[in-house]
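Could you walk me through this structure, one feature at a time? I would like to learn how to read it.

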Amino acid sequence: MNSQGDLFAETEARPYRTVNETDIAIIAGLYADASIDLSVLPPNARRLFELSIDAFGAIVHAWMSELPITAAIIRFGQKVLAAADRHEANRITNDRGDPDVQTVREAAYKVWHEIHRLMGLLRFCPDANGVYIAHCEPDHCVLPAFGPHFTKRFGETPWAIIDVKRRLCLRRTPGNNTPELCSINDNALPQNPPDGEWGNLWRHYHKVINNESRHNPNVQKRFMPKRYWKYLNEV
């Protein structure tokens, strides 16, 4: 990861090596059914959340982009915190004429878009131990956002999503309701399952639902960009 700084740090942004537990809780909280646990937030972050949930979400997603926009994120947050009430805070948050607002919201949208795109493009295959594994190389640090979605989807079935680019893994083991984010360098991770029966099933499924008369490569690349194809069995 680049030097983006800890999310909602009370001091000046500082480099990090991995996403810390508080950051994961904040990101996952935005995608969970239950309300976010405000106790994990520092004072300024709690105040920001109370003033504008929209601004809070925009800052979280912009931070996940890992783009070199830390200064713009900080200025955006300071402007919202200076608001007298929620009405003014929401006005500031949606002021597209402000370059900091525009920068933060554009970055946030890129992250939000990739999260929802990858939720449909991750391809899981079981290994010998019954752990369903998917690999990806996302443009942004989106792994923590997948926890609530795939916890519901798989139930008690163990799974792991590996971000090859950042050498991170989000995994859920039986009996553990909260997925954990770990470094590939520091933990023993399941190997990439061979492209056998499950790979053939994905390709068969794609062949069955594909309508050759409506084949449009340009549209396909727009919804399934080529940079993701490396981990799509059917492609």
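This is a predicted model: local features need pLDDT of at least 70, side-chain atom pairs count only at pLDDT 80 or more; totals for chains, interfaces and linings use all residues.

Q: How many residues does helix α6 have?
A: Helices are DSSP runs (H or I, at least four residues), numbered from the N terminus. Helix α6, residues 99-121, has 23 residues. From first C-alpha to last it reaches 33 Å, close to the 33 Å expected at 1.5 Å a residue; the expected span is 1.5 Å times one less than the number of residues.

Q: Is Asp100 buried or exposed?
A: Buried means under 20% relative accessible area, exposed over 50%, and partly exposed in between (1.4 Å probe, protein chains only). Asp100 lies in helix α6 and counts as buried, at 7%.

Q: Which side chain joins Asp100 in a polar contact?
A: A polar contact is a pair of N or O atoms within 3.5 Å; within protein, one must be able to donate a hydrogen and the other to accept it, and residues adjacent in sequence count only if both atoms are side-chain atoms. The side chain of Lys79 is joined to that of Asp100 by such a contact, of 2.8 Å.

Q: Where is Glu66?
A: Glu66 sits in the loop between α3 (53-64) and α4 (70-81). Glu66 is buried, at 11%, and its side chain makes a polar contact of 2.9 Å with that of Arg166.

Key: Residues are numbered from 1 along each chain as its sequence is written. Side-chain values use heavy atoms; hydrogens and water are left out. Helices (H or I, at least four residues) and strands (E, at least two) are DSSP runs, numbered from the N terminus.
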